[in-house]
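This briefing goes through selected features of one structure, grouped by topic. Please keep the sequence and the 3D view open while reading.

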Amino acid sequence: MTSLFLGLKFLFIPNSKAGVSKIRQKLAVDHGAQICSAFGETSTTHVLVDTKVVLTANTEALIRTLKKLGLRDIAKTNVPVVGQEWLVQCVSKSELLPTANYTIDLARPSAKKRKVSSLRKAESRPIVDTTLEPGEKVLDSPNQTSVDVLNEMAEQHRINGEAYKVKAYRNAIDTLQRVSTPVTSYSQAIQLEGVGPAIAKKIEEISRTHHLRQLDVSKGSRHTQLMKLFKGIYGVGTVIAKKWIDEGMTSLDDIKNRTDLTDAQRLGLQYYDEWNERIPRSECTIHAEYVQYMLNRVDPLIEATIGGSYRRGAKTCGDIDFIVTKPDATMEALQADMDNLIDTIKQAGYLQCILHHHVKNKLLTGCSLPPLWNKKVDGQGEEWGKCRRVDFLLVPWKELGAAMIYFTGDDEFNKKLRYRAQKHGMVLNGTGLYKIVRDGSKERHELVESFDEKKIMSLLNVKWHEPEQRNTGVFDIAWNG
DNA sequence: ACGCAGGACAG
DNA sequence: CTGTCC
DNA sequence: GCGT
Ligand SMILES: O=c1ccn([C@H]2C[C@H](O)[C@@H](COP(=O)(O)OP(=O)(O)OP(=O)(O)O)O2)c(=O)[nH]1
Ligand SMILES: [Mg+2]
């Protein structure tokens, strides 16, 4: 983070998506530059060309590209057109170097041949590796309407089970939220990383009309409404919901009479309303006090903390995610403790039902606070609390860091981290970060780190992200190739 | 045309 | 194996 | 739906 390029506006060529270009753009921004999406003689201060992408044969393609982006006359422009090496050198020397040695002469039409060997070398860099930082988004974005509407589109796709469309929308929204100027046209929109033709079109429509017809159609459709209703049942996903709709089911009453429900689905139906409600943060805290109190009877050394959205600072939580551990404990030791806890909270009435009991390390439940504790929630203390979804993750002491990362999330943050691990030839899961070692035909996973949350991130070249910074839309993990 | 995280349980 | 969930 |  420096002010090296403060006040400068760079136009990148190619000025979109691609991995390396994207990372250089981030580098520029980190040192104070702004990125232009189109050429402006008075606004753009430098054109930065990725020479190994663009100048493979000749400069003509580059000139065409620049014209398309708004450059009127190559001969007359005062804006320097330089290779991106200039940027890299400036940063590494921490000073603004003269552009002269890096300029690309567009006035001369004949091709400047690059050496193949240097091309290769540049291209075969092992890992495109920038250090990530917690991102900042522009609050009060000038594109808030588009962001909101696109979010609703993503929700429609989620309901209809199009996971990768959801992902694509999230990525596009993430970019759009950081843009500080209004994006009003297809051509502006499609410049943004993560925005392709389909979403660009939508952004233009939203910006013109403050509306998206496709969204209204989707929201209004009977199919989507029923999908939403049925998917609200715990244990019912896209496929089952579709199936039921095809079979003519139209209400939860229709479902109640079915004989093919799993145990979990029947519970999901029974607690339909309660489990679709979000839990106020203050109530989660009471659950933590209660569970800690109960665990204290089992073994005072056991620790229980809430992860998930609670740890990320959410004001309301979809469920309560407990991480349960004990200094130096192995999984076996914890399982014994957990069995005791289950007995204890079952006796006390807190544990209402079990959805899944992963013999391994997880317990997914429905739980209600007893009246005396619920007093702290409703101020009355006469009734049992609402049934809440409560998950317990048992964690051997040595794996605490990896487990904390996993169970703190959010899910998108985990995915980006794990994807990054892949790029480093490693695997990240809830038990640790492992190096993939292949001997012969078999491949082994060799533990690199599992105890220290901070070390795991740092090994992946990810700066420390406080839990609050792991929320989608807040963190900014650069695209990977 | 392909990948988009990784792992666990129910049925 | 498929579907669902964390 | 997007990037490669
Ligand atoms: O597909 C998933 C879902 C969840 N998780 C991790 C991250 C998440 O934070 C944690 C707990 O899951 P949960 O579904 O409770 O999500 P949350 O982040 O706590 O949000 P919510 O407020 O909806 O509970 O498990 C994943 O890694 N992948
Ligand atoms: Mg949660």
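This is a predicted model: local features need pLDDT of at least 70, side-chain atom pairs count only at pLDDT 80 or more; totals for chains, interfaces and linings use all residues.

How many residues lie between strand 9 and strand 10 in the hairpin that they form? There are three residues between them.

**Strands 9 and 10**

- Strand 9 covers residues 351-358 and strand 10 covers residues 362-367.
- The two strands run antiparallel and are joined by six bridges.
- Leu351 has Cys367, in strand 10, as its bridge partner.

**Surface near DNA strand C**

- DNA strand C is surrounded by 14 residues, and the closest are Gly235, Gly237, Ile240, Arg389 and Asp391.
- By class, the residues of this surface are seven nonpolar, three polar and four charged.
- At least two residues of the surface come from each of helix 12 (238-246), strand 11 (388-394) and helix 20 (400-408).
- Helix 12 gives the largest share, with three residues.
- Sugar or phosphate accounts for 93% of the atoms of DNA strand C within 4 Å of the protein, and bases account for the rest.

**Polar contacts to phosphate oxygens of DNA strand C**

- The side chain of Arg389 has an N or O atom 2.9 Å from a phosphate oxygen of DNA strand C.
- A polar backbone atom of Val236 is 3.3 Å from a phosphate oxygen of DNA strand C.
- For Thr238, a backbone N or O atom lies 3.4 Å from a phosphate oxygen of DNA strand C.

**Thr344 in helix 18**

- Thr344 is placed in helix 18, which spans residues 331-348.
- Thr344 counts as buried because its relative accessibility is 18%, and the cut-off for buried is under 20%.
- The side chain of Thr344 reaches the backbone oxygen of Asn340 at 2.6 Å.
- Leaving out residues up to four places away in sequence, Thr344 touches Met294, Arg297 and Val298.

**Salt bridges**

- The count of salt bridges comes to 25.
- Asp174 pairs with Arg178 in a salt bridge, with 3.0 Å between the closest N and O atoms.
- Both Asp174 and Arg178 belong to helix 7 (residues 163-178), where they are four residues apart, about one turn of the helix.
- Asp174 has a relative accessible area of 14% and is therefore buried.
- Arg213 and Glu205 form a salt bridge whose closest N and O atoms are 2.9 Å apart.
- Are the two partners of this pair buried or exposed? Arg213 is exposed because its relative accessible area is 60%, with exposed meaning over 50%. Glu205 is buried, with a relative accessible area of 17%.
- In the salt bridge between Asp299 and Lys326, the closest N and O atoms are 2.7 Å apart.
- This pair links distant parts of the chain, with 27 residues as the separation. Asp299 sits in the loop between helix 16 (281-298) and strand 6 (303-306), and Lys326 sits in the loop between strand 8 (320-325) and helix 18.
- Asp299 and Lys326 are both buried.
- A network of salt bridges links Lys243, Glu247, Arg258 and Asp260.

Technical notes:
Residues are numbered from 1 along each chain as its sequence is written. Chains are lettered from A and ligands numbered from 1 in the order in which they are written. Side-chain values use heavy atoms; hydrogens and water are left out. Two strands pair if DSSP finds at least two bridges between them. A residue is near a molecule or strand if one of its heavy atoms lies within 4 Å of it. A polar contact is a pair of N or O atoms within 3.5 Å; within protein, one must be able to donate a hydrogen and the other to accept it, and residues adjacent in sequence count only if both atoms are side-chain atoms. Ala, Val, Leu, Ile, Met, Phe, Trp, Tyr, Cys and Pro count as nonpolar, Asp, Glu, Lys and Arg as charged, and the others, Gly among them, as polar. Buried means under 20% relative accessible area, exposed over 50%, partly exposed in between (1.4 Å probe, protein chains only). Contact means heavy atoms within 4.5 Å. A salt bridge is a side-chain nitrogen of Lys or Arg within 4 Å of a carboxyl oxygen of Asp or Glu.
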